[in-house]
2 protein chains.
Amino acid sequence: MTRALVPFDAARPNTRLAPVLSREERCAFAEAMLADVLGVLDDADGEPTVLSTVPLDDVPAVLANALVGVPVEVDDRPLTEAVNASLAAADPEPASPFAVVMADLALATPAAFRRLFDAADPAGADIVIAPGRGGGTNALVVRHPDFRVDYHGTSYRDHRRAARAVGASIETIDSFRLATDVDEPADLAEVLLHADGAARDWLLDAGFALAVEDGRVRARRE
Amino acid sequence: MTRALVPFDAARPNTRLAPVLSREERCAFAEAMLADVLGVLDDADGEPTVLSTVPLDDVPAVLANALVGVPVEVDDRPLTEAVNASLAAADPEPASPFAVVMADLALATPAAFRRLFDAADPAGADIVIAPGRGGGTNALVVRHPDFRVDYHGTSYRDHRRAARAVGASIETIDSFRLATDVDEPADLAEVLLHADGAARDWLLDAGFALAVEDGRVRARRE
């Protein structure tokens, strides 16, 4: 079992999706993605805890079901600060890793998370990073007590630097599914193409379908 | 050794990069990426052949070096037609796989190609696909004699359908490095972040550097 913290900003759903989804829709879609991530983590022998900016009351059934047995910690501080408080409390070490997984990884599969967790087994690296597109850090496993996160700017580079600074070894996981955080309209096509959970169902119910435009596949609303 | 066909359109370098690179620059950058892909394929025990729309004379030294010992077949037909002619001639079968690898996979590593080739060993699937972003097919390995490609539209879906139609088993490789074909300005940041070959050197020489804009990392020209 690998402890996995899933930060979730329920109050400010991703504004980059505003061109195609209303605020309420972005909330509902984010909740569906969180439900998917929790289910997949569970299938990968992860032990998820949600770190939410607000209490998760009155959520849709799909998320309520996924939250059964999952602790929810509420912390309204900015992402980096809140995650680092959890990291410090978790006291990760080689035999007791602690993962941080973004809530919008709608393409994640148990196999992808298993690759992440396996790379951080006691014989593996101290810090395992699954980079996201655009220099982000979509998932990481920490086995070193002194490592702290910084999600501002090019976090992939910053986390590699931070690992070296505390003498921690680093491994990178090469996964398209973990690299794809769904936060721009173009990403919705990836969900329709490669996912099969609640987020994909939500998009289909909302009227999205794949369409080829200008030689590229897009998710277009009917 | 896995035979690997690398289609290369020397005459029409990617127009989606036109906002940031001139035509001559796009040609030079494409040649640097091809050099990288050939070198990495070689390191992964691939046996590359370039399928070019025009003869590759008078190319920069970095590509000329990478082309030493690499056959170049010239075929000016559209991509799908040209690749299918090569596939038919190659007569792939379980013990004699044939790969098709895009020339703009500047993030590819030997480890990523090994995962692709290993999944297609005789005990593996008949068709192994590394999907690209936007529904494309960035690399595939064919071990079934009747499979043909179709790169129009959502080729990832179409190739899965085509495999089923000839009774071929399918496996998908989950690789960020193979999913990232470099054909849009935003992709240049991925090259600067994750590559270490001729394409990255070319971008640095051309004055590109990473910059954080609007919370996202971009490759910006000085």
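**Loop residues, a helix face and chain symmetry**

In chain B, B:D91 lies in the loop between α3 (79-90) and β4 (98-101). Helices (H or I, at least four residues) and strands (E, at least two) are DSSP runs, numbered from the N terminus. The model is predicted: local features need pLDDT of at least 70, side-chain atom pairs count only at pLDDT 80 or more, and totals for chains, interfaces and linings use all residues. Residues are numbered from 1 along each chain as its sequence is written, chains are lettered from A and ligands numbered from 1 in the order in which they are written, and side-chain values use heavy atoms, without hydrogens and water.

Most residues other than glycine have a negative phi. B:D91 is not a glycine, yet its phi is positive, about 50°. Its relative accessibility is 43%, so B:D91 counts as partly exposed. The classes are buried (under 20% relative accessible area), exposed (over 50%) and partly exposed (in between), with a 1.4 Å probe and protein chains only.

In chain A, A:D45 occupies the loop between α1 (23-43) and β2 (46-52). Phi of A:D45 is also positive, near 60°. A:D45 is partly exposed, because its relative accessibility is 47%.

Helix α4 of chain B spans residues 110-119. Its buried residues are B:A112, B:F113, B:L116, B:F117 and B:A119. They cover an arc of only 165° around the axis, which puts them on the same side of α4(B). The arc is taken from the directions from the helix axis to the C-beta atoms.

Chain A superposes on chain B by a rotation of 180° with 0.0 Å of shift along its axis (RMSD 0.0 Å). This is the relation of a two-fold axis. The same surface serves both copies: 100% of the contact residues of chain A recur in chain B. Contact means heavy atoms within 4.5 Å. Superposition is by least squares on the C-alpha atoms of residues with pLDDT of at least 70 in both copies.
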